[in-house]
Structure formats: structure tokens, C-alpha cells
Amino acid sequence: MLTIFLRGLIIFGLLLVVIRLMGKRQIGEMEPFELVITLVISEIACVPMGDKNIPLTYGVVCILTLYIVHQVIVLLSKNTKMQSIISGKPMLVIDKSGINVAAVKQLNMQVNDLMQSLRNTGYFSVEEIEYALMETNGQLSVIPKKSMENKQKSLPVPLILEGKWCEDELTQHGIDREKIGNMLFKKRVKVKDVVFLTADQNDHFVLQDKQGVSSWDAQKEGVIK
């Protein structure tokens, strides 16, 4: 037991030094290669710590090897082309035309995932955003529209996403789907062409379809209760 205890202390100390040398980043801020190296190091460290039949030097050499790999990748990443190959490039997912559906699909995301990331930044409607970039570490960077500051007074509810009705939201808020359908019919918009449609308690609707982003205020129809 004393041997395992001492091996654990040695590996822990080594890991602490290596992680400090790799830089202070939270998990959500790591580049893909940094996350992979961190996960592999954690797995490697567990084996020599718990199994005294495995020489401690095996774990030490593996951990130091991964640290060297990390440093080499960091050096390579200073070259713009290599950085784009290793970590990818930031992608413009929202512009003046609304959500860039092609970019969202390229990131293996859905519109709903993007809307969630948007809410995490403190914005609840695409209408408020001038531009949004999905960074290589998975963080969303947002440039808001100055004209829209403080305009959103209530939480918008998604009614349609990527051409499909949000049945759970419709049921939860008691929304009349036929009423929304008639509203879209009057605007000559087909459900299958809708990227997203949201509405809030003030009957403020925001729509993106093939024509781009548009918004309107209904005449107090009380769609969202």
C-alpha cells in the first residue's frame, strides 16, 4: 500500500507540472488536440498508479512523450496553414442574412444546437445578432446589433426548426399550430422552407426562410401564453 501511495504521489506531481506547462485553460476552452492529449494523459496516469507490477518509468515516459507532442503541435500551429489543419478554422454561423445553414451542417450541428449556444452568450434571438463565429474550441463569439440592444423583453419560443414543428414547445405553451400555419400561409412561406420561427409573449415573431430573416409583431393574438 505504501508503494502504491508513493507511486500515486509521484504521478500526481508529474501531471501537475505537465498540465501547468501546457497552459491554464478550462476544458471548454481547449483546442481539439489539447483535449485529446489531456484525456490520454489521464488514462495513462491511472495504470502505473494502481498497478505496482508495471514499472513507474513506463507511465513517466508516456506522460513526458505526450507533453513533447503537445509542444511540437503548438510550434506547428504557429504556421497558419498547419493551424487550420490541426485545429480547423473559425466559421461564420450567423451573418446579416441570418443563420448560415451550410456552415452549421459542416460543423455537425443542428439549428437548435446553435440557438442553445447563442443563449449561453446571453442572447435569445438571431434578430439581435450582426455576426456570430463558432471558434475552433467550440465557443461562440457574438457581435450584437446596436439597434437591437435591450429589445428582447421575453424569452422566444421555437415553433419551427429546420422545416419541422417543435411539437414539445407547441404542446407546453398551448400554441395553436393551425393559427401559426395560417400566418405563414398569408406570408407565402412553406413550413419545409423555414430554418427557424420563434415567437415571444409579446407576439413578436422572428422567421428565417429562403428569403432571409424577417420579423413582425402580431396584433395581440396571444399565441404564447
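Colleague: Is L2 buried or exposed?

Modeller: This is a predicted model. L2 sits in helix α1, which covers residues 2–22. Exposed means over 50% relative accessible area. L2 has 60% relative accessibility, so L2 counts as exposed.

Colleague: Which residues form a nonpolar patch on the surface, and what is their accessible area together?

Modeller: L2 belongs to the patch, along with F5, L6 and L9. Together these residues have an accessible area of about 430 Å².

Colleague: Which elements give two or more residues to the lining of the largest pocket?

Modeller: The largest pocket has a volume of about 150 Å³. Eleven residues line the largest pocket, and the closest to its centre are L155, P156, V157, E169 and H173. Two or more lining residues each come from β5 (157–161) and α7 (167–172).

Colleague: How many residues of each class are in the lining of that largest pocket?

Modeller: The lining of the largest pocket is made up by class. The counts are five nonpolar, four polar and two charged residues.

Colleague: Which helix gives the largest share of the lining of the largest cavity?

Modeller: There are two cavities of 30 Å³ or more, and the largest cavity has a volume of about 70 Å³. Its lining includes N112, M115, L118 and R119, and also P156 and T198. By class, the lining of the largest cavity has six nonpolar, three polar and one charged residues. The largest share, four residues, comes from residues 111–120, helix α6.

Key
Residues numbered from 1 in each chain as written. Predicted model: local features only at pLDDT ≥ 70, side-chain atom pairs only at ≥ 80, totals over all residues. Heavy atoms only, no water. Patch = residues over 30% accessible without salt bridge, like charges linked within 9 Å, V, L, I, M, F, W, Y side chains within 5 Å. Areas by Shrake-Rupley, 256 points an atom, 1.4 Å probe, with all protein chains shown as cover. Salt bridge = Lys/Arg side-chain N within 4 Å of Asp/Glu carboxyl O. Buried < 20%, exposed > 50% of the residue type's maximum accessible area, 1.4 Å probe, protein only. 1 Å grid on protein atoms, 1.4 Å probe; cavity = no way out; pocket = protein on both sides within 12 Å on 5 of 7 lines; lining within 4 Å. Points joined across faces, edges and corners; volume = space filled by probe spheres on them. Nonpolar A, V, L, I, M, F, W, Y, C, P; charged D, E, K, R; others polar.
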